[in-house]
Amino acid sequence: MMTRDQELWGMASVLLRQHGDRAPVVVAERIGQLASEGKAEGVAMWKEVARRLERLIGQEPTQ
């Protein structure tokens, strides 16, 4: 069974693979949608994904 931390890292990794440079925009849009719906727990979770995504992007080699 995966830990919550592993799930969040997995989400960030999949988003980066699927959306590439647009991944942060996709996450920000999702956070905005959840915020407008008043879903604080969802916002908090996606902010955690965003933090991990930023770290993954920072580790990518430049081309």
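Helices here are DSSP runs of H or I with at least four residues, numbered from the N terminus, and Arg 4 has its place in one of them, helix 1. The legends below walk through a predicted model, view by view.

**Figure 1. The whole chain, a run of three helices.** Let's start with the overview. The protein chain has 3 helices and 0 strands, and from the N terminus on its elements read α-α-α. Along the principal axes, the C-alpha atoms fill a box of roughly 40 × 30 × 15 Å. Of the 63 residues in the protein chain, 27% are buried. Among contacts with a separation of 6 or more, 63% join residues 24 or more positions apart.

**Figure 2. Helix 1 crossing helix 3.** Here you see helix 1 (residues 4-19) with helix 3 (residues 40-59), their axes coming within 8 Å and crossing at roughly 60 degrees. Angles under 35 degrees would count as roughly parallel and 65 to 115 as roughly perpendicular, and helix 1 and helix 3 are therefore oblique to each other. The crossing of helix 1 past helix 3 is right-handed. From helix 1, the residues that take part are Arg 4, Asp 5, Leu 8, Trp 9, Met 11, Ala 12, Ser 13, Leu 15 and Leu 16. Their partners in helix 3 are Met 45, Trp 46, Glu 48, Val 49, Arg 52, Leu 53, Arg 55, Leu 56 and Ile 57. Sorted by class, this contact of helix 1 with helix 3 has 12 nonpolar, 1 polar and 5 charged residues.

Figure 3. Is Arg 4 buried or partly exposed? With a relative accessible area of 49%, Arg 4 is partly exposed, because the exposed class takes in values over 50%. For a sense of distance, look across to Val 27: Arg 4 and Val 27 are 23 residues apart in sequence and 18 Å apart in space, C-alpha to C-alpha.

**Figure 4. Arg 52, a buried charged residue.** Arg 52 sits in helix 3, and Arg counts as charged. Its relative accessibility is 12%, so Arg 52 counts as buried.

**Figure 5. Helix 3 and what covers it.** At 1.5 Å a residue, its 20 residues should span 28 Å, and the end C-alpha atoms are 29 Å apart, which agrees. The buried residues of helix 3 are Gly 42, Val 43, Trp 46, Val 49, Ala 50, Arg 52, Leu 53 and Leu 56. Their cover includes helix 1 and helix 2.

**Figure 6. Helix 2 packed against helix 3.** The axes of helix 2 and helix 3 are 9 Å apart, and the packing angle is about 170 degrees. Angles over 145 degrees count as roughly antiparallel, so helix 2 is roughly antiparallel to helix 3. Helix 2 brings Ala 23, Pro 24, Val 27, Arg 30, Ile 31, Leu 34 and Ala 35 to the contact. Helix 3 answers with Gly 42, Val 43, Trp 46, Lys 47, Ala 50, Leu 53 and Ile 57. By class, the contact of helix 2 with helix 3 has 11 nonpolar, 1 polar and 2 charged residues.

**Figure 7. Pro 24 in helix 2.** Pro 24 lies in helix 2 and is partly exposed, with a relative accessible area of 35%. Not counting residues up to four places away in sequence, Pro 24 touches Leu 53 and Ile 57. The C-alpha atoms of Pro 24 and Arg 51 are separated by 9.8 Å, although the two residues are 27 apart along the chain.

Figure 8. Helix 1 and helix 2 pack at about 120 degrees, with their axes 8 Å apart. That angle makes helix 1 oblique to helix 2. Leu 15, Leu 16 and His 19 in helix 1 meet Ala 23, Val 26 and Val 27 in helix 2. The classes here are 5 nonpolar, 1 polar and no charged residues. Val 26, found in helix 2 (residues 23-36), is in contact with Leu 15 and His 19, leaving aside its neighbours within four places in sequence. Val 26 and Val 49 are 23 residues apart in sequence and 11 Å apart in space, C-alpha to C-alpha.

Note on methods:
Residues numbered from 1 in each chain as written. Predicted model: local features only at pLDDT ≥ 70, side-chain atom pairs only at ≥ 80, totals over all residues. Heavy atoms only, no water. Helix = DSSP H or I, 4+ residues; strand = E, 2+ residues; numbered from the N terminus. Contact = heavy atoms within 4.5 Å. Axes fitted to C-alpha atoms, helices over the stretch in contact; angles between N-to-C directions. Left-handed = near helix turned anticlockwise from the far one by under 90°. Buried < 20%, exposed > 50% of the residue type's maximum accessible area, 1.4 Å probe, protein only. Expected span 1.5 Å × (residues − 1).
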